[in-house]
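Take a look at the model below, then work through each task with its solution.

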Amino acid sequence: MEQHNDPRDPRGNVIDMQVIEGLRELGGDDEPGLLVEIVALFLADAPQRLGEIDRALASGDLRSLERAAHTLKSSSQNVGALGLASMCREMEELARKHELAPVRDVYEASRGHWSDVERALRSID
Amino acid sequence: MYRESFEELRASGRLPTPPGVGVVVLKITQRDDFSTEELGRAIAADPALTGRLLQIANSVSHAGVRPATTIGDATMRLGVRAVRNVALGFSLLSAHRIGTCPRFDYDRFWSASLARAVAARAISERLRIGIPAEVYILGLLADIGRLALASVHPKQYADILADERAREPQSVAALEREAFDIDHNETASLLLEEWGLPRPLREAVLVYESEERRVNVTCQETAAHAKLLAHATILAEVCLAGEATAGTSWTRLAAGLDVVRDALALDRAEFGAWCGAIAREWSEWGQRLHVPTQRVASVQEIRARAEEAMANATAPRPQEQPSGRLRILAVDDDHLSLRLLQRELVRAGHDVLIARDGGEALAMALEAWPHIVIADWMMPEMDGIELCRALRKIPDGRNIYFLLLTGRDDEERVIEAFDSGVDDYIVKPFNPRILRARLRCGERLFQKREHDERRESDENHNRVVNGRKVRNAERRANTDELTELHNRRWAMERLREYWEESLESGEPLSVLMIDADGFKKVNDVHGHDAGDVVLREIAGTLAAHARVGEEVARWGGEEFLVVCRNATLEQAMVCAERLRLATPMLIGVAQSDASMPTFDTLLKHADEAVYGAKAAGRNRVHAHTNNAQNKKRTA
């Protein structure tokens, strides 16, 4: 069983700041609020997705599980939460392979990791 | 009542009649006491007809049964009535390949009739209606009334064909009744009665072209045959429509095919295969009977063309935009990804529409007709691939450049995406530079597509016109202007072809060299104009009395050549006798043999035989024999 104790990048960050800078640059001069908007979207969306994963685990609904993990994966990547993204990928793949049992462990790890991600993102200005 | 009008037609002496063997078969079978052997003997006198009959007897598959090789076998298999009707049908076909009505396309008539015959038999086999071989002939002769009216009234019938109102069979029939007090359905029905075809078949011919008349039929057997004929006619139209005939109503054909498919209770794949088999069989029979056929558009192609035509007629064309600025529909159920994508696209200078799931996207696409759709693969309800498939089913939807967003781990599965009609994919989270590069690619394709469409519509037009020109030029190059028979050039080509075929197969090949006896005298006494008329008459007589497998060409001056493929000297002599009885001529007959270096020798022998005939007197057939006794046989 793979370990998820340290989903940080090699420099110890839960968020890849290059991605954040990329978002800032994308907003440019005409949409300076884009970064904040995206982060806010993510902070509102991610807990819902985690909730969906939880419910899907409880009901054994592999399809919903795969889809929620997939969506959270891509939005995590968009805000540079790469550790969270890789956990989501693992859940997505397990669900696709119909291996429900190991997902629970990964899910628990991702829940624990989420508070770090949330704190890091809220500190971005 | 149209029966009286039919008597008038008959009195003209120009109604289609089965020639030679056909008429003998007809007479024999009209007696109550005829024997199967008698019928067999009559048919066997015509080798070509015998061959066709065996082919049709054997093409109805009977697992484990040895193929029919004699008329007796065929009779056992098909029944006396079917054999007789098949013999009748084929002899009619071979005797009425040309005619005098200037607007009547005789080739097309028999092409369509043959296609209807093949289709009718296939339906008959599938739905177990009637006797397949007999239904085949019913299909072949269902429209014989048109040929009959064109033969009896060539000029008036040409006027009807030229009439703008003559679009649908029913309006043609109305014009016919106006002009002749009888229409082609009534004529066909009475001809079939005269030829002794069973009542349900005759009555089916009377009503099959009009749904209104069809549903009023009370006899079940008649109704079944009429419906079968109507469906076979739809399939024949499909065969004749070919690939790019201008003015084809693809929507009508597609609708017709749906009706046929329903009746046959086949699924789409089965029906496609079934229609394909009909097209192939049509082409095979066409080769055997020397009736022109062509490549047939598949059911799928017809459906696609119909959808295209429908969309062209109804879908509002999206307003075209200045180059570089595209209308892009972005679809993702993930708000965040969607927002980022939208921002990227706006920054690249495009107009962006957004949708949060496949269903919404589809509705928007149909409303706004975007140039490009960028859709996430994984979405609830309708995912990206399903959205793409849905769009590709709509004619204009095929022009949309479809970009699929996939996760980095889904790359392995993109093959499935391409199979669904996706143009390209981008891995999420996307690199903005890659996204812009992919968009440029779509843009280029889009511009090229527009350019091609414009050019294609021009080219399509040119192709139709040029195709016609080429075919006309070919026809002119192979046709003798005065007699409208094939010319010497064509005859030489056939001879070369059959010569080689005969060397390979070991089958015999014979030729008839014909000297129009006494023509010179007409020319000398009455002048060239009169001579031309006589030549044309002789040519018409030869063409009318030649059978399938006997090909008549004008050789030059007052000489004609008949090439008898796969015929022995004896069989060629039978042909020569038949022609000589039709019009007085000197005929030299020769058969190829292994010792001849080229087919020139064969022609030389035939020439020598003509001299032999001339030496013996007028109006004769003379065979060139090569053996030691060298008996010159004259008749």
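**Exercise 1. Is His98(A) buried or exposed, and what is its phi?**

Step 1: count neighbours. His98(A) has 8 other C-beta atoms within 10 Å, so His98(A) is exposed. The cut-offs are these: with C-beta atoms placed from the backbone, a residue is buried if 20 or more other C-beta atoms lie within 10 Å of its own, exposed if 12 or fewer, and partly exposed in between.

Step 2: look at the backbone. His98(A) is not a glycine, yet has a positive phi of about 60 degrees.

Step 3: His98(A) is found in the loop between α4 and α5 (101-122) of chain A. Helices (H or I, at least four residues) and strands (E, at least two) are DSSP runs, numbered from the N terminus.

Before going on, please note how to read the model. Residues are numbered from 1 along each chain as its sequence is written, while chains are lettered from A and ligands numbered from 1 in the order in which they are written. The model is predicted: local features need pLDDT of at least 70 and side-chain atom pairs count only at pLDDT 80 or more, whereas totals for chains, interfaces and linings use all residues.

**Exercise 2. Describe how α3(A) packs on α4(A).**

Step 1: a reminder. Two packed helices are described by the angle between their axes and the distance between the axes.

Step 2: the axes of helix α3 (residues 62-78) and helix α4 (residues 82-96) of chain A come within 8 Å and cross at roughly 160 degrees. Here axes are lines fitted to C-alpha atoms, for helices over the stretch in contact, and angles run from 0 to 180 degrees between N-to-C directions.

Step 3: this angle makes α3(A) roughly antiparallel to α4(A). Angles under 35 degrees count as roughly parallel, over 145 as roughly antiparallel, 65 to 115 as roughly perpendicular and the rest as oblique.

Step 4: the residues of the contact of α3(A) with α4(A) divide into ten nonpolar, three polar and five charged. Ala, Val, Leu, Ile, Met, Phe, Trp, Tyr, Cys and Pro count as nonpolar, Asp, Glu, Lys and Arg as charged, and the others, Gly among them, as polar. Two residues are in contact if their C-beta atoms, placed from the backbone, lie within 7 Å.

**Exercise 3. How do α4(A) and α5(A) run relative to each other?**

Step 1: their axes come within 10 Å and cross at roughly 160 degrees.

Step 2: α4(A) and α5(A) are therefore roughly antiparallel.

Step 3: the contact includes Leu84(A) and Met91(A) of α4(A), and Val106(A) and Trp114(A) of α5(A). By class, the residues of this contact are twelve nonpolar, three polar and one charged.

**Exercise 4. What is the strand order of the open sheet of five strands in chain B?**

Step 1: the order is β2-β1-β3-β4-β5, with parallel pairing. Two strands pair if DSSP finds at least two bridges between them.

Step 2: β2 (351-355) and β5 (424-428) of chain B are the edge strands, each pairing on one side only. From one strand to the next, the twist averages 20 degrees.

Step 3: β1 (residues 327-331) and β3 (residues 372-376) of chain B pair in the parallel sense over four bridges. Leu329(B) has Val373(B) in β3(B) as its bridge partner.
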